Amino acid sequence: MRWILVAVIVLATTLGEVLQAIGMKRHGEIHDFRPDALGRVVSTLVRCRYILAAIAAMAVSFFAFMALLSITELSFAVPVTAASYIFETVLAKYLLKEHVGWKRWMGVLLVAGGVTLLSF
Amino acid sequence: MISSTTTLQLKTRILTTVVVLTNVLGNSLLSRGMRSVGVLLSLSPLPYVQALFNPWVAVGVSLLIVWLLSHMALLSWADLSYVLPMTAVAYVLVAVVGRLFLHEQVSLVRWAGITLIMLGVILVGRTSPRTTLSQPAAEKDSRVEVKTALRSMSGSQHSEARP
């Protein structure tokens, strides 16, 4: 059961974050952090298809995570989701066309490796 | 005058901090709350709604909403492949908080994990937060970045005169 939840969490997180990145890049950079300006940003975002899909995916990931937390420890639940780092970086490079140089690849691999070690 | 690149760096650092802090606090409170709520394996939404009435869960979820919004704001200009490893500081913070405040044992393997994460974060922190130039909002800033890069290539020893 726990591994089914882990698979759901990893897939939903990857999908959610990539869709979030696409939606936010389409929206453009947020410059104004005053409450009324942020309110306008939120009202624009709730009409963006990518953001809505991202939030749906994040909600699936969140509830699956809540369920996982109720049957396992946080120290198991958090590290296993490290697999999404690799998937998301690959998608960032090929789908979002980000420049992922050696520093980023090494960085992501170190982080994913480190997070995995934390579960021991 | 502060250059756009400096502003971008500063903005990115501040928001990354907010993302990390709300994530760690939110997850910790949620975890604390779920322990008192009990086993939650249901396809019906009712038990989840009931769990929200637990004060720990409620505050945890509120913080995670702030986390989601700040994460989205950060992604409005920064690369996903930058945000992803940078926000991994959260794992380090969880371990440090556990060691300092909950007096948990941090094994040698875990310290090794923490070290690897910090090395990764330092490495990614040395890259520019934004590498894509296509979006219209980024156009002005990226032109400045290109100019700065050209200037540093042509002779970084010269002191820069800013208007």
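Predicted model: local features only at pLDDT ≥ 70, side-chain atom pairs only at ≥ 80, totals over all residues.
**Chain A as a whole**

Along the principal axes, the C-alpha atoms occupy a box of roughly 45 × 35 × 25 Å. Chain A has 120 residues, and 45% of them count as buried. Consider next the contacts in chain A between residues at least 6 apart in sequence: 81% of these join residues at least 24 apart.

**The contact with chain B**

Now show chain B as well. The contact draws 43 residues from chain A and 41 residues from chain B. On the side of chain A that touches chain B, at least two residues come from each of α1 (2-27), α3 (49-71), α4 (74-80), α5 (83-94) and α6 (102-118). Select α6(A) in particular, as this helix gives the largest share, 12 residues. Colouring this side of chain A by class shows 24 nonpolar, 10 polar and 9 charged residues.

**A residue in α6**

Remain on helix α6 of chain A and select Ala112(A), which is found there. Is Ala112(A) buried or exposed? Ala112(A) counts as buried because it has 23 C-beta neighbours inside 10 Å, and the cut-off for a buried residue is 20 or more. Leaving aside residues up to four places away in sequence, Ala112(A) touches Ala82(A), Tyr85(A) and Ile86(A). Finally, select Thr81(A): its C-alpha atom is separated from that of Ala112(A) by 9.3 Å, and the two residues are 31 residues apart along the chain.

How values were computed. Residues numbered from 1 in each chain as written. Chains lettered and ligands numbered in written order. Buried ≥ 20, exposed ≤ 12 C-beta atoms within 10 Å, placed from the backbone. Contact = placed C-beta atoms within 7 Å. Helix = DSSP H or I, 4+ residues; strand = E, 2+ residues; numbered from the N terminus. Nonpolar A, V, L, I, M, F, W, Y, C, P; charged D, E, K, R; others polar.
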